[in-house]
Amino acid sequence: MVNCRHCNNELPDNSIFCNQCGGKVIDSKLEDREEIEKRMAILKLTDSLQKIKKKKVSEEIKMKYASPPPSKGSMFGCLIAVVGVVLFVVLIGSCNSSNPTTHKDFKDITNKEMDDFLKWDQKQQEKKRDSELFFK
């Protein structure tokens, strides 16, 4: 007697299928090996199909959200903007070179200039103090 490995029903020795659950009864080790090889092949195919589906989905997402190539109009606009910035920098540079400002070192400041600065600084501090609220 052979037992069904699915439902554990007792079957005659020459049975191929179980008469209770319909499961295939495998008796020899050769048939077990063939079934395992078939299942492994099916698993490999399923895995390959899943990888192909994931790749296809990722390509579809990339295509859906990819930005379109820049048009000639937008490229021309960028070129105009770059030229404008360069001209602006050149004009600012030429203005600074034609009207140079001289910076004095601290040791070159005269007493009158220092007095003028200290008076100005004192007025600024008084303005700041007068603008603050007395009670907060």
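Going along the sequence, the protein chain of this predicted model runs β-β-α-α-α. The chain exposes about 13200 Å², and 61% of that comes from carbon and sulfur atoms. As for contacts between residues at least 6 apart in sequence, 5% link residues at least 24 apart.

Nonpolar side chains in soluble globular proteins tend to be buried together. Here, the largest nonpolar core is made of five residues, namely Val2, Cys4, Leu11, Cys18 and Val25. Leaving aside residues up to four places away in sequence, Cys18 touches Cys4, Leu11 and Val25, along with Cys7, Asn9 and Gly23.

So what about disulfides? With a cut-off of 2.5 Å between cysteine sulfur atoms, the count is zero. For Cys4, the closest cysteine sulfur belongs to Cys21 and lies 3.6 Å away, so the pair is too far apart for a bond. Cys18 is in no disulfide either, with the sulfur of Cys7, its nearest cysteine sulfur, 3.6 Å away.

Methods. Residues are numbered from 1 along each chain as its sequence is written. This is a predicted model: local features need pLDDT of at least 70, side-chain atom pairs count only at pLDDT 80 or more; totals for chains, interfaces and linings use all residues. Side-chain values use heavy atoms; hydrogens and water are left out. Helices (H or I, at least four residues) and strands (E, at least two) are DSSP runs, numbered from the N terminus. Contact means heavy atoms within 4.5 Å. Accessible areas come from the Shrake-Rupley method with a 1.4 Å probe; for residues, only the protein chains shown count as cover. A nonpolar core is a set of buried Ala, Val, Leu, Ile, Met, Phe, Trp, Tyr and Cys residues joined through side-chain atoms within 4.5 Å. Buried means under 20% relative accessible area, exposed over 50%, partly exposed in between (1.4 Å probe, protein chains only).
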